[in-house]
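Let's take a friendly walk through a protein model, one contact at a time. Keep the picture open beside you as you read.

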Amino acid sequence: MAPTTPSTDDSHQQLLDQLDLTLKPRPFRNSQWKPSQRRNKNIKQIVAEAARKEASVMATHDNSGSSTPNLQSSAIDTGAATPVPLYGTFTHSNISQAAQNLSTMSAPSLHPAHQKHYCDITGLPAPYTDPKSRLRYHNKEVFDVVRHLPQGAAERYLEARGAHVVLK
């Protein structure tokens, strides 16, 4: 191999310096990056926000009856207005009163009995529970697997689910 002249070696180094990524300044974050507008909330935050929103709506509904003009009896007689029935399907003549009754309704139950159960082996929905090992299973094939588990394996599955009880 023939020795290179200094001018060729220098142009080679300049090319390497030009293509070198480590010498270029890089900001930590992309200049076009913006934080997500979506925010994950837990159930407590969702319920509190719904209660606040409902309370603010209720405050405006409470005042709505006072600003509604009374209709003249002649307007009712001519059919220009819909009369409010005294009996039948409507029990409240004021919408705000009906809305207050709706606000007393409770949220869906978070009790563990109402939650879906999943198979400890497959992760599929589990309509059955083995009374001997207390493991949840999906179908007959999984039940055969549950019944043939080695000693102590059922306890490990229960421990992974958080249902392992140790008596002292």
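Predicted model: local features only at pLDDT ≥ 70, side-chain atom pairs only at ≥ 80, totals over all residues.

## A salt bridge at R147

R147 counts as partly exposed, at 40% relative accessibility (partly exposed lies between buried, under 20% relative accessible area, and exposed, over 50%, with a 1.4 Å probe and protein chains only). Its side chain meets that of D130 in a salt bridge, 2.7 Å from N to O (a side-chain nitrogen of Lys or Arg within 4 Å of a carboxyl oxygen of Asp or Glu). This pair links distant parts of the chain, with R147 in helix α5 and D130 in the loop between β1 and β2 (136-137), 17 residues apart.

Residues are numbered from 1 along each chain as its sequence is written, and side-chain values use heavy atoms, leaving out hydrogens and water.

## The other salt bridge

How many salt bridges are there by this rule? The count comes to 2. In one of them, D120 pairs with R161, and the closest N and O atoms are 3.0 Å apart. D120 sits in the loop between α4 (95-103) and β1 (128-129), while R161 belongs to helix α6, so the pair ties together parts that are 41 residues apart in sequence. D120 counts as buried at 17% relative accessibility, whereas R161 is partly exposed at 28%.

## Aromatic rings

A pair of aromatic rings is described by the distance of the centres and the angle of the planes. Searching the whole structure gives 2 aromatic pairs (rings of Phe, Tyr and Trp, the last by its six-membered ring, with centres within 6.5 Å; planes under 30 degrees apart are stacked, over 60 edge-to-face, and the rest tilted). Y128 and Y137 make a stacked pair, 5.5 Å centre to centre with 25 degrees between the planes. Y137 also pairs with F143, this time tilted, at 4.9 Å centre to centre and 40 degrees between the planes.

Together, Y128, Y137 and F143 form one aromatic cluster. Within it, Y137 is buried at 12% relative accessibility, while Y128 is partly exposed at 43% and F143 is partly exposed at 22%.

## The nonpolar core

Y137 turns up again in the largest nonpolar core, which has 8 residues: C119, A126, L135, Y137, V142, V146, A154 and L158 (a core is a set of buried Ala, Val, Leu, Ile, Met, Phe, Trp, Tyr and Cys residues joined through side-chain atoms within 4.5 Å). Helices α5 (140-147) and α6 (153-161) are the elements that give two or more residues to this core. Leaving aside neighbours within four places in sequence, A154 is in contact with S133, L135 and L149 (contact means heavy atoms within 4.5 Å).

## The whole chain

Stepping back, the protein chain has 6 helices and 2 strands (DSSP runs numbered from the N terminus: H or I of at least four residues for helices, E of at least two for strands). Along the sequence, the pattern reads α-α-α-α-β-β-α-α. Of its 168 residues, 11% count as buried. Among contacts between residues at least 6 apart in sequence, 24% join residues at least 24 apart.
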